[in-house]
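Hi,

I am passing a structure over to you. Could you have a look before you read my notes?

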Amino acid sequence: MSEYLPDEVVLDILQRLPVKSIVRFRCVSKSWNSLITSPAFIHSHLNRSIPNNSNTLPHPIFIVRYCVSNPHKELERERYKLFRDNEAFEECGEFDLPIKSRRLKNFRLIGSENGMMCLVEDEQFILWNPSIRKVVNLPEPCITAKTCGRMPCNEAFGFDLRTNDYKIVRISFPYSCNAIRMEPLVEVYSVSTGSWRISSATFPPSATLIDWFNPKACLNGSVHFAGHAQGNATIFSFDLRDELFRKMILPESMVPLDTDIVTCVFKESLALLCYHKQATRRGCCSIWVMNEYGVVDSWEQQFTIGIAGGIENVLGFRKNGHIILETRKIGWPGYWELFSYDPESQEATNLGMHDHTFWVDTYKENLVLLNQANDQANDQANDLVSESRVTKKRKNSFC
């Protein structure tokens, strides 16, 4: 690999470099390209970079998704900006999703894990790694409108460290010709195999799901759906390795009637966002945390958030203890704003963004998808190798 340094030293050096440099070094030699694009190197680089991307940093970086409103009513394009989690919430980078939605104003975001995002439009799923500018179109699912007719589907995206694999879980609820609900079907897409397959997992036929549009919490190798079973609010966890559903029935005191429920992760613990409705919109939100995973009696209420005008969504948690909220912009129908809410003082600070379809997550650089086939004309990973093209994109600098 190198005439002057032992291979293990070169490997250790490469694993410590930022993603942008590593991608460029693929053109040094065939052996370097083979090493950098190997699953083992991608995995080891991710394991080394995760601690550097966590809250151990003085100022972690958030990636914020939003849709730019177009006064001419043309198709709107979703944008992604990077912000340092400091007092000023300082902007430090920007990405554009390199493909456009064909029918809708924007893709629906299923989830994000280790910096890789999963989005969908109708039955077209895509994976996007913004840190290497790469988009991969996934094959058509097994269960489609052509094969089973149109039906409601609920998806989740997660990562299982035990198998080092990213997976999409899709629960479909087909109906017979007589509009009678049939047994739910579960299918799974695996990044390691690059294909969909029908899972043997059984989702309780009598159970229902509550949250159909928000990303689902991924923790301990499982994704978590909020729903009801036998009249009780319930969390359905799906183990990504064993492909089994497990139920966590919630105490009645946690989830009153007419409450929207969303699963999330708070300080590496499973958490629940309980939105309490006032009239036709959400009024306040209670945040509950499961202190011991899987133990129902360990649920503890952390915060209750209420601000004037109501809350649309709780989007993220900052290192200083503040909470990022999405609220409706007063007097501007169809517009939302981002606020940073201090639970202690109960004061909210406007972060200066007002568009719609917001989403926030911690930004993590990674090499995932670098070894995937370049089946997208919009694949920009090679742009990072070409110096001429890199120059054009320097305005999208990394933090």
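Below is what I found in it, starting with how to read the values.

This is a predicted model, in which local features need pLDDT of at least 70 and side-chain atom pairs count only at pLDDT 80 or more, while totals for chains, interfaces and linings use all residues. Residues are numbered from 1 along each chain as its sequence is written, and side-chain values use heavy atoms, with hydrogens and water left out.

Four strands make an open sheet in the order 8-9-10-11, with antiparallel pairing. (Strands are DSSP runs of E with at least two residues, and helices runs of H or I with at least four, numbered from the N terminus; two strands pair if DSSP finds at least two bridges between them.) At the edges are strand 8 (153–160) and strand 11 (195–198), each pairing on one side only. Strand 9 (residues 165–172) and strand 10 (residues 185–190) run antiparallel and are joined by six bridges. Ile-171 has Val-186 in strand 10 as its bridge partner.

Asp-160 lies in strand 8. Is Asp-160 buried or exposed? Its relative accessible area is 1%, so Asp-160 is buried (buried means under 20%, exposed over 50%, partly exposed in between, with a 1.4 Å probe and protein chains only). Leaving aside neighbours within four places in sequence, Asp-160 is in contact (heavy atoms within 4.5 Å) with Asp-165, Gly-221, Leu-240 and Arg-241.

Finally, Val-9 sits in helix 1 (residues 7–16). With a relative accessible area of 33%, Val-9 is partly exposed.

Best wishes
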